[in-house]
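I opened this notebook to keep track of what I looked up, entry by entry, while going through one structure. Which places along the chain deserve a second look?

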Amino acid sequence: MSRMSANPQHRPVAIWLLVMILLVIAIIVIGGATRLTNSGLSITEWAPIRGVLPPLSNAQWVAEFEKYKKIPEFMAEHPDMDLAGFKFIYFWEWSHRQVGRLIGLAYVVPFFFFLLKGKLPKGSVFGYVSVLFLIGLQGAIGWWMVHSGLQDGMVSVSQYRLAIHLGMAFLILGILFWLLRDQIERPRSSLTFTGKRSFYTPLAIFTVGLVYLQVLAGAIVAGTHSGKTFNTWPLMDGRFVPDGYAMMSPFWRNVFENTAAIQFNHRMLAYVILGTAICLWVSALRQKARIGALLAFTGLLLWQVCLGIWTLLAVAPLNLSLLHQFSSILVFLCAMWVWRNSRKVTVL
């Protein structure tokens, strides 16, 4: 952040973007806790204004609890729940929605202020507007996801919609990170390139894509509770490819609905990303690229893989699962950082 200090005229926008990144990280983690505690369906209505306040009296709490008792999840997941237990799961979903409202407010007001004051670089306005649009869209996707779990025959939200919801959060996070780096580096001439581009840049972009795909795969794992099955490593109950990998028809359903295939794919994608990291090192050393970001990415990636194995062997307890999700955010941001730095590599 030293560049912010050197360029005070850019500091307010940079600080705002940094705050937005922290808020998005917070809502991703809270959203993970909401899903893993089966709290996401505790609020059965979408009330953007009225829902700002939680129930304030015992009668209001009872009324909300009675609404929850009418959905299929109650009998399937929490048939013995009392009012105190309901308040616990309600807290997670309400907190998730509150942070979502805060993100919208924290983005909209400063955005228009900086826009009217001419503080946003003209070439980046589209990026800022896209984040504004995506935040609004994310709110609608969130309710669309919750609504899927309120239907007859459903005892949780659709893992497809969960993956879209999480993927959108990471997309917003990635754009905010890019805008922040643009803001910090605005005066720098090093972003003007000459010469032939190295292979390091497309490889870095490919790595970001793989990490993003792994995030979506993780959402499918969480949405289907696939982390609570095949809790052995390196083999899956004694086999490399687990029994029943392709038991569903058509085959594509296995990727999203078959716990054996879902967990196997998540494992294999982690190994592929590790292999890609090795290729990044080879390319970076050949081109004498900056390796600070690559060091951070590799270290976090190794930590994330070890943490994933630990979480699996422990049968996915809440604390390790949330730490695993939080670490995925750091891995993603470091992958984005590697991509940013790779743009400064040229072959003359």
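This is a predicted model: local features need pLDDT of at least 70, side-chain atom pairs count only at pLDDT 80 or more; totals for chains, interfaces and linings use all residues.

The entries below follow the order in which I looked things up.

**Entry 1**

**Entry 1: helices H7 and H8**

I began with the pair formed by helix H7, residues 159-184, and helix H8, residues 200-224, which pack at an angle of about 145 degrees with their axes 8 Å apart. I then looked up the hand of the crossing of H7 and H8, and it is right-handed. On the H7 side the contact is made by Gln159, Leu162, Ala163, Leu166, Gly167, Met168, Phe170 and Leu171, while H8 contributes Tyr212, Val215, Leu216, Ala219, Ile220, Gly223 and Thr224.

Which residues does a cis peptide bond join here? I found one between Trp233 and Pro234, with omega at about 10 degrees. A cis peptide bond also joins Ser249 and Pro250, with omega at about 0 degrees, and Pro250 likewise has its place in the loop between H8 and H9.

His225 belongs to the loop between H8 and H9 as well, and its phi is near 55 degrees, a positive value in a residue other than glycine. I checked its cover too: His225 has a relative accessibility of 32%, so it counts as partly exposed.

I then turned to the loop between helix H11 (292-313) and helix H12 (318-342), where Ala316 lies. Phi of Ala316 is near 50 degrees, again a positive value in a residue other than glycine. Is Ala316 buried or exposed? Its relative accessibility is 17%, and it therefore counts as buried, the cut-off for that class being under 20%.

From there I moved to Leu320, which has its place in helix H12 and is buried, with a relative accessible area of 7%. Leaving out residues up to four places away in sequence, Leu320 touches Leu307, Trp310, Thr311 and Ala314. For Leu320 and Leu307 I noted a C-alpha to C-alpha distance of 7.7 Å, against a separation of 13 residues in sequence.

**Entry 2: helix H5**

His96 counts as buried, at 15% relative accessibility, and, leaving aside neighbours within four places in sequence, it is in contact with Ile27, Ile30, Gly31, Thr34 and His165.

Leu115 is also found in H5, which spans residues 83-116, but Leu115 is partly exposed, with a relative accessible area of 35%. Together with Leu105, Val108, Val109 and Phe112, Leu115 forms a nonpolar patch on the surface, for which I noted about 420 Å² of accessible area together.

**Entry 3: salt bridges**

I ended with the charged side chains, recalling that side chains of opposite charge can pair when their charged atoms come close. How many salt bridges does a search of the whole structure find? The search finds 10, and I wrote down some of them.

Asp182 forms a salt bridge with Arg340, with the closest N and O atoms 2.7 Å apart. Because Asp182 lies in helix H7 and Arg340 in helix H12, the pair ties together parts that are 158 residues apart in sequence. I noted that Asp182 is partly exposed, with a relative accessible area of 23%, whereas Arg340 counts as buried at 0% relative accessibility.

The side chains of Arg181 and Glu185 meet in a salt bridge of 3.1 Å, N to O, and Glu185 is buried, with a relative accessible area of 2%. Asp243 forms a salt bridge with Arg239, the closest N and O atoms being 3.0 Å apart; here Asp243 is exposed, at 53% relative accessible area, and Arg239 counts as partly exposed, at 42%. Finally, I recorded that Glu45, Arg50, Glu64 and Lys67 are linked in a network of salt bridges.

Terms used. Residues are numbered from 1 along each chain as its sequence is written. Side-chain values use heavy atoms; hydrogens and water are left out. Patches are made of residues with over 30% relative accessible area and no salt bridge: like charges are joined within 9 Å, nonpolar side chains (Val, Leu, Ile, Met, Phe, Trp, Tyr) within 5 Å. Accessible areas come from the Shrake-Rupley method with a 1.4 Å probe; for residues, only the protein chains shown count as cover. A salt bridge is a side-chain nitrogen of Lys or Arg within 4 Å of a carboxyl oxygen of Asp or Glu. Helices (H or I, at least four residues) and strands (E, at least two) are DSSP runs, numbered from the N terminus. Buried means under 20% relative accessible area, exposed over 50%, partly exposed in between (1.4 Å probe, protein chains only). Axes are lines fitted to C-alpha atoms, for helices over the stretch in contact, and angles run from 0 to 180 degrees between N-to-C directions. A crossing is left-handed if the near helix is turned anticlockwise from the far one by less than a right angle, and right-handed if clockwise. Contact means heavy atoms within 4.5 Å.
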